[in-house]
Amino acid sequence: MRIRRITLAVLFLLTVLMIADVRYLGTDLSTNRQSSINFNVDRKAPDFAVEKQQTFVQPQNGLTALVVKGQLGTIELTSTTENTIKVSATIGAENQEVLDRLEVKETVSGSEVRYELTGQNGEGMAESGVSFVVEIPAGMEASIEQNFGSIKVDSFVGFLSLDSNFSDVDVRGLEGTATIQSNFSDVDLRQIAGPITLQDSFSTSTVELLPIDGGYDFDLEVNNGTLKQNVGLKVNRVEKRTLAQGPTGEGVHPVVIRSSFGTVTVKLD
Amino acid sequence: MKSFLRLLRKDLEASRWPMGFLSAITLGIMLLVSLKIATGGWPTQAAVAAVTFPLVFLPLWVLWQSFQTLRTEWREDTVYTLLVLPEPGWKIMLAKLSAILLEYTVLLVVTVVGMLIFFFPMVQEAMLVLPGAGWVVRNGILLYVFSLFMIASTIIFVQLAFVVSKMVGRLQGLVALWTLLLSGWLVDRLGILLEPLFGWIPTIPVHALFRLNELKQGMVADWNIAPEIGTWLGTLALLVLTSYLFEHYVEVNG
């Protein structure tokens, strides 16, 4: 009988400890625990044996949206004051035979113009890639998709949408709206003035915001990851979620961040 | 050692029928799927399901079997014999654990052999995108070894849960489930608390171990084992605790 009582007492004690841990300490301990496995893929674009270039110049006319799909290369995007869309593509391949099959196709559909690599005949992704240098009129909507490469956006004015996988994202100067989705990427957003929506997983993201009329309305949620911020928001930890919400100023421009298994840093100058 | 082997043989003999049945089912499903694919009834992708099904089922079976081997001792009253044997509790528990690991290995081998027999053309096709047979075998063995450790931990948790449940008079099923949950939480927290003690241990370069660069250049995976060591020590301590409780305090009539 004695052992039964001891067993029950130990189970009861552990249960109380577990409840207290989950309720009061659990998330702090979990947050301090380092991730066991860090996985990274080198995103440096491979040096291809052969390359060719294509250039597209398109008057804006009724075009309001641009889509660029890249892989294993760099996509550079900037806004200009001209009314012309300029796209310069560099296609790389392991050999001339593969390169001859490849081309960047320009497709205009309604008010959207799209650029993507075509002619890949099922060969491995590592055998070919494409880099773009894009200049578009300020105020346009730009959607960039990138896999295993990098995205560089400089002085952009308009609506920006980025979808990156295993890529480096570097944005310097944005006036407008940004919607960013990233997986296994490094996202570095600096000098941002405007609403932003960021969804990432297994990524390291930095968002540096500029002060703006109307202020920001922050809605940050990090699951199984780390949130750092200098905005002065109150941080709540619920289970493995870290939440921070609240406005600065009038809270006009929403900043929505949803992150899983990543590190998010939010700075407001 | 001899007594350990005798205990191991006893447990293996007890599970030979379920093992045979499961092996036959696995091979039967693979044969059926391969025939359906050959006659054009099913798409070739069905082969993936036929191979995945036993692999997904295996951990569930291990969980059940860990519980069942102990339950059988009570159900058939052989626990009396076990407890009067001049063998320490750890040897009995370790024999049961080893038996389940061996059974897991046999079922895994049956699945792999079945895959090679019934879906060889698809295996050949898959090999075209992988670095080579040597790479596949090496990584397969490494994954198998890692899976053994994970399964052994699961078995230890279940054994503790069962033994503790036999130490209370009523609601044994509930107590077993609750103990399972508590032991998982306990070793997890132990890992976190002891992590600073093992921070000096260098990370393990998993990419080098698995030769991931042969699959794709630039892959880097580092395993920081500092948080795991406390968990492993805790799991080992649970095995010792289970053995001690089984040897000294368990309720035969429970």
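Strands β17 (residues 234–238) and β18 of chain A pair in the antiparallel sense over five bridges. Here, two strands pair if DSSP finds at least two bridges between them. Helices (H or I, at least four residues) and strands (E, at least two) are DSSP runs, numbered from the N terminus. Within this pairing, Val238(A) stands opposite Arg241(A) of β18(A). The model is predicted: local features need pLDDT of at least 70, side-chain atom pairs count only at pLDDT 80 or more, and totals for chains, interfaces and linings use all residues. Residues are numbered from 1 along each chain as its sequence is written, while chains are lettered from A and ligands numbered from 1 in the order in which they are written.

Strand β18 (residues 241–247) of chain A also pairs with β15 (residues 216–223) of chain A. That pairing is antiparallel and has seven bridges. In it, Phe218(A) stands opposite Gly246(A).

A parallel arrangement involves strand β20 of chain A. Strand β14 (residues 204–209) of chain A pairs with β20(A) in the parallel sense over six bridges. Leu209(A) stands opposite Leu268(A) of β20(A). Glu208(A) has Lys267(A) of β20(A) as its bridge partner. Strand β16 (residues 226–229) of chain A runs parallel to β20(A) and is joined to it by four bridges. There, Gln229(A) is the bridge partner of Val266(A). On its part, β14(A) is joined to strand β12 (residues 186–193) of chain A by five bridges, and these two strands run parallel. Asp188(A) stands opposite Thr206(A) of β14(A).

β20(A) spans residues 263–268. Its covered face holds Val264(A), Val266(A) and Leu268(A). Its uncovered face holds Thr263(A), Thr265(A) and Lys267(A). In β14(A), Ser205(A), Val207(A) and Leu209(A) form the covered face. Thr204(A), Thr206(A) and Glu208(A) form the uncovered face.

Chain A has two helices and 20 strands. Of its 269 residues, 33% are buried. A residue is buried if 20 or more other C-beta atoms lie within 10 Å of its own, exposed if 12 or fewer, and partly exposed in between, with C-beta atoms placed from the backbone. Contacts require C-beta atoms, placed from the backbone, to lie within 7 Å. Among contacts in chain A between residues at least 6 apart in sequence, 58% join residues at least 24 apart. Chain B has 10 helices and two strands. Along the sequence, its pattern is α-α-α-α-α-α-α-α-β-α-β-α. Buried residues account for 31% of the 254 residues of chain B. For contacts in chain B between residues at least 6 apart in sequence, 75% join residues at least 24 apart.

The largest nonpolar core has 53 residues. Such a core is a set of buried Ala, Val, Leu, Ile, Met, Phe, Trp, Tyr and Cys residues joined through C-beta atoms within 7 Å. Ile91(A) and Phe132(A) have the most contacts inside the largest core. Its largest share, six residues, comes from strand β10 (residues 150–165) of chain A. The core draws at least three residues from each of domain 2 (43–190) and domain 3 (194–269) of chain A. These domain bounds come from an automatic or database domain assignment. Not counting residues up to four places away in sequence, Ile91(A) touches Glu51(A), Lys52(A), Leu99(A), Leu102(A), Val104(A), Leu117(A) and Val130(A). A second, separate core has 36 residues, including Leu7(B), Met93(B), Ala95(B) and Phe157(B).

Two loop residues of chain A have positive phi values. Asn61(A) is not a glycine, yet its phi is about 45°. This residue lies in the loop between β2 (50–59) and β3 (65–71) of chain A. Asn61(A) counts as exposed because it has 11 C-beta neighbours inside 10 Å. Phe148(A), also other than glycine, has a positive phi near 50°. Phe148(A) lies in the loop between β9 (141–147) and β10 of chain A. Phe148(A) counts as buried because it has 24 C-beta neighbours inside 10 Å.

How values were computed: Contact = placed C-beta atoms within 7 Å.
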